[in-house]
Structure formats: C-alpha cells, structure tokens
Amino acid sequence: VAPLNVSNIYADTYESEDLTEGETDNGIKWALDDDGILTLSGKGAIDDNYFSGRDDISKVIIKNGITSIGQSAFSSATCIQSVTIADSVTSINDDAFSGCNSITTVKMSKNIKTIGDNAFFNCSVISKIKIYEGASSIGHNAFSGCDGMSVIEIPASVKTIGENAFEACEDLTIYGATGSKVEGYAKEYSISFVKVKNLSKSGVKISASKYDYDGKIKTPKVTVKYGKTTLKNNTDYYVEYSSGRKNIGKYTVKVTGTGKYSGTFKLTYTINLGAKKTYTVNGLKYKVTNSKSKTPTFTVTGSAKGNIKTTTIPEKITVGGKKFVVDKIAASAFKRRTHLTSVTISKNIKEVGKSAFEGCSNLADITVKTTALTNKTVGANAFKSIKSNATITVPASKYIVYKNLLKAKGANKANQKFKSR
C-alpha cells in the first residue's frame with residue numbers, strides 16, 4: 001500500500017481510498033482493523049495532520065518506539081473513544097487530539113514531558129487524566145472544553161501551565177503537591193485542589209525479598225501504608241513488576257502513588273538456586289554442590305525414571321536460565337539401576353560417590369572423560385557388581401592410573417576390559 005501524504009486537516013485521500021494499512025512520510029507504520037482500532041508502530045514522530053478528520057477510528061494504540069505525536073495528528077477524528085500512548089512518547093504537540101469529542105479514556109505515557117497548546121481541546125467526555133512525574137509543561141488551552149473531566153493528577157515536576165489550560169472544566173479537581181506550581185495555578189483559576197500526600201519508602205513493603213528457583217513466576221505481594229492506614233492497590237497506588245520473574249536473577253517492583261498519594265519507589269527481590277532443592281534436567285536429578293559459592297556447581301543425584309538404559313553425565317546443565325557445571329556424582333546415585341547399560345562421565349566430574357553405580361548388573365559400557373579422579377574422590381564400591389564383561393574406556397593419559405583405581409572401586413572382574421581413547 002502506498003504511503004499517504006496528508007497535508008491538510010481533513011484529507012480527501014482517505015475518502016477515496018479505503019486503506020487499512022500504510023506508512024507515513026515519517027516512516028510510522030499504521031494498521032486499522034475492522035473494529036476501527038488503529039495501531040501505530042515504528043520510531044520517531046507521528047506526522048502532523050496525518051489522521052486528522054478521520055471518522056473510522058474508534059481506538060488509537062501508539063506502540064513503543066514512537067517518540068512524539070505531531071501537531072493536529074488526530075484533530076477532529078470524532079469517533080476516537082480511547083487512546084493508549086506508549087511510554088516512549090515524550091511530547092504531545094499542539095492540537096494533537098483537538099476536537100476529538102468522543103474520547104473517554106487516555107492512558108498517558110509515563111515519560112511525557114510536554115503537552116502542547118490545545119492538545120485535548122474540546123475532548124468533552126474525558127473523565128480523568130493522570131500525568132506522571134517528570135512532565136514539565138502543559139500548554140495554553142491544553143484541556144480547555146473538557147467539561148466532563150472531574151480529576152486530573154499533575155506532578156510537582158510540572159513548572160509551566162499555559163493560560164486557560166482547564167477553561168470550562170467546571171467540575172474539575174486537580175490533585176497535586178503542596179507548594180507546587182500546580183497548587184498556585186489552581187488557586188489563581190479557582191479550581192478545586194486536593195493536596196497529595198507523599199508516601200515514604202518505609203511504608204512500602206513486599207512479602208518476600210528472596211525465592212528459591214522452581215520454574216514458576218514469582219510475584220511478591222505489595223503492602224503500602226500511610227501512617228497506620230493501609231492503602232488500596234489501583235486506588236491509592238499502582239504496582240509494576242519486572243518482566244520475566246521466573247528465572248534466576250534480580251527483579252524490581254515499582255510502586256507509584258496515585259490519586260491522593262504521590263511518590264515512586266523501587267524494591268528488589270531475587271530468585272536464587274535452592275540449596276536443598278532437587279532439580280530435574282533432561283531426565284537426571286541434581287542438587288547444588290556449593291550454593292554459597294559465587295560460581296555454584298551441581299551434583300547429579302540420580303535418574304528421574306527407574307528404567308533408564310543409557311545416560312550421559314553432562315558437563316553443564318541449564319537451571320533458571322543460567323548454565324552451571326556438573327562436577328559430582330552423588331553416593332548411590334544410580335545404585336541397582338539394573339536397566340542401565342551405558343554411561344558417559346563428562347570431563348568436569350571431580351568426584352564419584354560411594355556405591356554410585358553399584359549393582360548396575362547390566363552396565364556394560366562406561367566412558368570416562370574426566371582426568372580429575374583420584375583414590376580420595378572415588379568412593380568405595382562405586383563400580384561394584386556392574387556387568388561382568390563390561391568395557392570401560394578411559395583417557396589415554398590416565399589409562400594405568402584409572403585401571404588400578406576403578407578396579408579398587410569394584411570394577412575387578414576378570415572379563416571386564418579397560419580401553420584407552
């Protein structure tokens with residue numbers, strides 16, 4: 001579809017071409033579905049006047065990447081009912097939504113800096129607007145004629161408010177900080193003003209700061225108090241959680257006051273390896289060898305299934321999105337696993353516990369890749385009562401040492417063979 005070049009406030013192009021998708025001159029991609037939902041994506045600014053006067057848009061969704069909304073971009077698009085503005089947007093230019101008299105809800109960017117002159121002029125059925133901390137200016141007549149608006153929250157960071165910004169908003173109450181520019185403006189224009197209370201970090205708590213990794217999303221409960229009063233989520237504050245929250249790592253809970261309360265606080269919690277937990281990876285069970293180390297390692301403790309036939313003790317496993325070295329085989333890990341016929345022991349294994357493979361009467365093929373085993377690190381009877389004609393392949397550099405070592409640990413039948421690789 002060829003991009004549209006709209007240069008006037010009401011474009012005949014849209015009347016003559018029933019287009020449902022396109023790209024603006026600024027490279028912003030747009031798509032309009034059968035329900036009138038307009039989705040915009042890309043990087044940069046939405047062009048001036050581009051959607052002005054359209055009567056087939058019911059909802060506007062501006063996605064992350066877009067940084068500003070151009071002058072008169074949606075002016076007089078009278079069927080728009082709701083607008084969602086991504087947090088990447090920092091400016092709404094003059095007349096951007098002027099005359100959009102069906103808009104009832106606006107989800108404002110949390111990073112908005114400037115709202116231009118007449119930006120929401122005569123958007124008469126908007127009921128509530130929240131402007132977030134960090135915003136700096138509200139233009140002349142920005143919300144003039146929004147006579148259905150009852151509440152607007154304006155942070156102390158706003159230092160400039162244009163003349164008649166809220167003209168004809170007869171039932172409006174402004175929520176703002178004591179001593180702020182906003183409070184002075186409300187007094188000057190005789191607008192009802194509610195002093196917002198500042199939350200303290202000591203009043204914001206999460207139910208847990210540490211979790212053991214178990215593969216499940218962790219969402220600690222948030223409690224916020226002002227003095228002795230317990231506040232209500234989504235009424236007095238709202239909560240945002242980091243994405244993910246399932247794998248090992250540090251995560252953030254952001255708590256922001258709203259309505260009669262202000263303040264933004266970030267609390268952190270961690271998901272860690274569980275020192276006593278058993279993790280199953282690719283059919284084998286593991287426990288942490290040394291959870292307090294900066295580089296934890298794992299011990300294989302056995303098989304998750306009783307009828308395992310072949311297995312490889314891996315060099316590393318992935319748990320909670322991170323890779324860890326496997327350096328030990330636990331005592332009795334595979335004891336009496338009579339279905340087991342073949343085992344490969346990786347190069348990272350430093351210890352094989354007592355009776356690790358004892359009684360694996362059908363274990364006929366063992367490949368040892370590690371060169372780190374010693375008499376002290378291989379437990380008694382580790383290979384006792386494996387198949388009487390088993391073949392054990394060991395590193396060439398360790399052939400004599402390992403032949404004697406493994407015989408001493410149970411692999412001592414006359415027909416058992418040792419090979420080097």
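Colleague: Does phenylalanine 383 count as buried or exposed?

Modeller: Phenylalanine 383 counts as buried, at 1% relative accessibility. Buried means under 20% relative accessible area, exposed means over 50%, and partly exposed lies in between (1.4 Å probe, protein chains only). This is a predicted model: local features need pLDDT of at least 70, side-chain atom pairs count only at pLDDT 80 or more, and totals for chains, interfaces and linings use all residues. Residues are numbered from 1 along each chain as its sequence is written, and side-chain values use heavy atoms, with hydrogens and water left out.

Start with the ring pairs. Rings of Phe, Tyr and Trp (its six-membered ring) pair if their centres lie within 6.5 Å; planes under 30 degrees apart count as stacked, over 60 as edge-to-face and the rest as tilted. Helices (H or I, at least four residues) and strands (E, at least two) are DSSP runs, numbered from the N terminus. The model has 19 aromatic pairs by this rule. One of them joins phenylalanine 51 and phenylalanine 74: their ring centres are 5.3 Å apart and their planes lie at 5°, so this pair is stacked. Phenylalanine 51 sits in the loop between strand S4 (44-46) and strand S5 (59-62). Phenylalanine 74 sits in the loop between strand S6 (66-69) and strand S7 (82-85), 23 residues apart from phenylalanine 51. Phenylalanine 51 is buried at a relative accessible area of 0%, and phenylalanine 74 is buried at 0% as well.

Phenylalanine 383 has its own partner, phenylalanine 357: the ring centres are 5.5 Å apart and the planes lie at 15°, so the pair is stacked. The pair links distant parts of the chain, 26 residues apart. Phenylalanine 357 lies in the loop between strand S33 (351-352) and S34, while phenylalanine 383 lies in the loop between S34 and S35. Phenylalanine 357 is buried, with 1% relative accessibility.

Serine 385 has a positive phi of about 60°, although it is not a glycine. Its relative accessible area is 38%, so serine 385 is partly exposed. Asparagine 282 also has a positive phi without being a glycine, at about 50°. Asparagine 282 is in the loop between strand S26 (279-281) and strand S27 (284-288). Asparagine 282 is exposed, at 80% relative accessibility.

Now the strands that flank the loop. Two strands pair if DSSP finds at least two bridges between them. Strand S34 (residues 365-368) and strand S35 (residues 391-394) pair in the parallel sense over 3 bridges. Threonine 367 faces threonine 393 in S35. S35 also runs parallel to strand S36 (residues 417-420), joined by 4 bridges. There, isoleucine 392 is opposite phenylalanine 418 in S36. S35, helix H3 (residues 399-408) and S36 form a right-handed β-α-β unit. A crossover is right-handed if, with the strands pointing away from the viewer, the path from the first strand over the helix to the second runs clockwise.

Phe51 and Phe74 belong to one aromatic cluster, whose members include Trp30, Phe97, Phe120 and Tyr189. S4 and S6 also take part in an open sheet of 6 strands, in the order S4-S6-S8-S10-S12-S14, with parallel pairing. The edge strands are S4 and strand S14 (160-161), each pairing on one side only. S4 and S6 run parallel, joined by 3 bridges. Alanine 45 has serine 68 in S6 as its bridge partner.

Aspartate 34 lies in the loop between strand S2 (29-32) and strand S3 (37-41). Aspartate 34 is exposed, at 84% relative accessibility.

In short, phenylalanine 383 is buried at 1%, and its ring is stacked on that of phenylalanine 357.
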